[in-house]
Amino acid sequence: MMRLPARALERELAKLPDVEVASFASIGTGLARLDAFDWLAKIDELCAAHAPRVAVVALGANDRQPMWVEPGGLVQPGTPEWDAEYAARAGRAMDRLLAGGCEQIVWLQLPPMREPVVAEFARRLNAVVAAEAAARPQVVAHDFSALVADRRTGGYVERRMDPLTAAAIPVRDVDGIHLSPDGARLLAAALIEEYWK
């Protein structure tokens with residue numbers, strides 16, 4: 001979820017004075033499989049290398065899978081046990097970013113998804129992350145769904161009107177999950193307008 005928005009943010013933030021940008025994205029990773037890619041350790045590494053004051057985070061789109069919890073074993077998505085473990089991991093990620101020098105964290109909520117089962121997972125995960133963010137004054141759970149959702153229903157839509165040209169543009173990838181380049185551009189512009197201007 002972050003690869004294309006990160007590139008768009010880098011391009012636009014580079015135009016602002018006194019703003020240095022560093023980004024990192026790892027395709028197919030998240031907080032559910034820290035054994036496959038340890039985001040918590042990576043956060044520490046990135047903070048040590050870049051000393052960020054603001055972090056924009058997008059995690060969760062790849063996390064609809066079981067998690068290993070000590071000592072209980074596997075917990076399944078859609079269960080209270082999974083929600084509790086994911087909340088703990090998201091909270092640790094937020095705390096590590098704050099300990100690494102971040103004064104503000106913008107944690108992107110998942111947008112509406114095309115497939116109903118994925119859409120329900122996204123709604124549940126967003127609630128878990130929003131609760132963790134609410135416990136930390138420096139963390140914002142940023143809901144950008146209005147940029148890429150159906151204006152009437154708030155649900156998934158593939159195309160939206162470009163506010164600059166009034167042309168219909170694709171805002172979602174063909175997978176029904178990720179953003180398209182145009183969707184990433186809209187998100188980057190909205191983030192800069194809200195948090196950097």
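Q: What counts as a cavity here?
A: On a 1 Å grid over the protein atoms alone, a cavity is a set of points where a 1.4 Å probe fits but cannot get out. Points join across faces, edges and corners, and volume is the space filled by probe spheres set on them.

Q: How many of 30 Å³ or more?
A: One. The largest cavity has a volume of about 40 Å³. This is a predicted model: local features need pLDDT of at least 70, side-chain atom pairs 80 or more, while totals for chains, interfaces and linings use all residues. Numbering starts at 1 along each chain, and side-chain values use heavy atoms, without hydrogens or water.

Q: What lines the largest cavity?
A: M1, P5, A58, L108, Q109, L110, F144, L179 and L187 (an atom within 4 Å of a point). Eight are nonpolar, one is polar and none is charged.

Q: What does L108 touch?
A: M2, V56, V57, A58, H142, F144, L187 and L191 (heavy atoms within 4.5 Å), leaving out residues up to four places away in sequence.

Q: Which residues touch the most others in the largest nonpolar core?
A: L31, Y86, L97, I105, W107, L108 and L110, out of 57 residues. Such a core joins buried (under 20% relative accessible area, 1.4 Å probe) nonpolar residues through side-chain atoms within 4.5 Å.

Q: Switching to α4. How many residues does it have?
A: Helix α4 has 19, residues 116–134. It reaches 27 Å from first C-alpha to last, close to the 27 Å expected at 1.5 Å a residue.

Q: Which of its residues are buried?
A: V118, A119, F121, A122, L125, N126, V128, V129, E132 and A133.

Q: What covers them?
A: The cover includes α3 (80–99), β4 (104–108) and β5 (139–142).

Notes. Helices (H or I, at least four residues) and strands (E, at least two) are DSSP runs, numbered from the N terminus. The expected span of a helix is 1.5 Å times one less than its number of residues. Buried means under 20% relative accessible area, exposed over 50%, partly exposed in between (1.4 Å probe, protein chains only). On a 1 Å grid over the protein atoms alone, a cavity is a set of points where a 1.4 Å probe fits but cannot get out, and a pocket is an open set with protein on both sides within 12 Å along at least five of seven lines; lining residues have an atom within 4 Å of a point. Ala, Val, Leu, Ile, Met, Phe, Trp, Tyr, Cys and Pro count as nonpolar, Asp, Glu, Lys and Arg as charged, and the others, Gly among them, as polar.
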